[in-house]
Amino acid sequence: MEEKKLGLRSVVSTSVGLVIATSCLVSLGQGAGEIGIVFIGAMIVACLLNLTTIASLSELNALMPNITGGLAQYTLACMGPLPTIISMVGGYLLCNILSSGVEASIFAYAMSSVIPLPIPSIVYTAVMMVFIMVANLYGVDMFAKVQDLVAVLLVGSMVVMGLIGAFKLGTGTVVEQPAVMASSPGEVISMTATAFWLFIGAEFAIPISKDVKNAKRNVPLGMSLGLLIILVMQIIMVLGFYHYTPWADLMNSAAPHMLYGEALLGNTGKIWMTFVAALAVVSTQNSGVNGLAHIGEGMAKMNMLPQIFAKTNKRGCPYVGVILISVSMFLFAYISDGSSNMIEFLILVGSVFWMITYIFAHIDVLILRRKMPKAPRSFKIPLGPIIPLIGILGTSYMIFYISNDMHERLMIWAVTGVSILALGIYAYFWTKFKMKMPVWKSVPIEKVMAMDDSRYYALRRKTGIW
């Protein structure tokens, strides 16, 4: 048997690397700019709620280890195909495409600010997206070997520059401004939805659990430590913002990391933050296009998406998914290009989709505890149903108060609701007439785990089920 090589440090670095992105810096800047340093309180609450999700997903992984579909297969075993398709297409495919488009928009804004050429900023996005799309079509994962380095550079840069600002060691002018912009505790609590975006994605470390030594301990602990490291890093950044960046400018910036870098260290700080953030964005885009295309391929193999998504070229690349995902990312980048308000709006819409998938994870835990109370679990959340219920209630609260602006809140709910309705209609007819499965009936765990084997699909097609 091959020895497992990954330890706690690998899980922590994977979690941190997957969570940190430049769109997080937009949420950080806008949240701090709106209510001041008390945004740290909202960040702590959001981090704690995300820790409940980590706990639920760790228990699900302990019950159904080594499966590749993650939340899709957990939900399939608990609630059936229709919620599974909604959560995967909406909560993962659509949400990640949207957030990657926002990332690309921030990249374009940064590049146009540093390189003052007489061309629209969206051109930078187009060049980057075409480059990454072609690289993926040729099966070249050009950034796989440097993604960890990029994450370290971004996190390290934020910590160092945050500390410089927190201790007033920068070369720029120290700003005199009130520390607190909120007028009531309710404003701080309502900002947890904005802070939520700072901590999503740590669960993507779960797929490496099969290669982790003492996974029962190291996977939940590593993901939790990753979120706590990110929390500390973001707190340091907020303290740096307070001394060098006017709250109003921070709130209205489409690239607050650049604004802060320039205010702190002049042009040197601006160029440094742009360079590191640009590497991070290109790396994130590459991972997004590659990963989402393969998720689409896997769902097509499970007959949850049209079979065209499973088609691959001679290099083994699911080319239809790569092209469609790249185009969709560019579309969202174009919509949000240079607009801090639109970037914030799309991030909040993406947050709602992701929150819904997290609620599903908590519900999955409660369902499987009821259905299989004596099944062996290498990790089980303490305190019975209390932590999953706190996760459900807290996340639902964040969805309800997704924005302090009532008009924006209604627009976010409308966009999310219409999208879920459309996905629900697609999922109903697709499940009933294409998959030929009951829409709401859960699938036995044994069958779900068998679906990881390619022979399962070959047999169904051979017998004419699909």
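This is a predicted model: local features need pLDDT of at least 70, side-chain atom pairs count only at pLDDT 80 or more; totals for chains, interfaces and linings use all residues.
1. Helix 14 gives the most to the lining of the second largest pocket, namely five residues. If you sort the lining by class, you will find eleven nonpolar residues, three polar ones and no charged ones.

2. Now for the overall picture. The secondary structure of the protein consists of 19 helices, with zero strands. The protein has 466 residues, and 55% of them count as buried. Among contacts with a separation of 6 or more, 81% join residues 24 or more positions apart. As for the surface, the accessible area of the protein comes to about 19,600 Å², and carbon and sulfur atoms hold 69% of that.

3. The aromatic side chains deserve a look of their own, with a count of ten aromatic pairs. One of them joins Phe196 and Tyr358: the ring centres are 5.8 Å apart and the planes stand at 70 degrees, over the 60 that the edge-to-face class calls for, so the pair is edge-to-face. Phe196 belongs to helix 9 (residues 192-196) and Tyr358 to helix 15 (residues 340-371), so this pair ties together parts that are 162 residues apart in sequence. Both Phe196 and Tyr358 are buried.

4. For another geometry, turn to Tyr242 and Trp247. Their ring centres are 6.0 Å apart and their planes are at 15 degrees; planes under 30 degrees apart count as stacked, so this pair is stacked. What is the relative accessible area of each partner? For Tyr242 the value is 22%, and the residue is partly exposed. Trp247, at 2%, is buried.

5. Ring pairs also build a cluster, which links Tyr397, Phe400, Tyr401 and Trp413.

6. Is Ser87 buried or exposed? With a relative accessible area of 2%, well within the limit of under 20%, Ser87 is buried. Leaving aside neighbours within four places in sequence, the contacts of Ser87 are Thr75, Tyr92, Thr357 and Phe360. Thr357 and Phe360 fall within the range of helix 15 (residues 340-371).

7. My last point concerns Trp440, which sits in the loop between helix 17 (406-435) and helix 18 (445-450). Which residues does Trp440 touch, once neighbours within four places in sequence are left aside? They are Met79, Gly80, Leu82 and Pro83. Trp440 and Pro83 are 357 residues apart along the chain, yet their C-alpha atoms are separated by 7.7 Å.

Definitions and conventions
Residues are numbered from 1 along each chain as its sequence is written. Side-chain values use heavy atoms; hydrogens and water are left out. Helices (H or I, at least four residues) and strands (E, at least two) are DSSP runs, numbered from the N terminus. Ala, Val, Leu, Ile, Met, Phe, Trp, Tyr, Cys and Pro count as nonpolar, Asp, Glu, Lys and Arg as charged, and the others, Gly among them, as polar. Buried means under 20% relative accessible area, exposed over 50%, partly exposed in between (1.4 Å probe, protein chains only). Contact means heavy atoms within 4.5 Å. Accessible areas come from the Shrake-Rupley method with a 1.4 Å probe; for residues, only the protein chains shown count as cover. Rings of Phe, Tyr and Trp (its six-membered ring) pair if their centres lie within 6.5 Å; planes under 30 degrees apart count as stacked, over 60 as edge-to-face and the rest as tilted.
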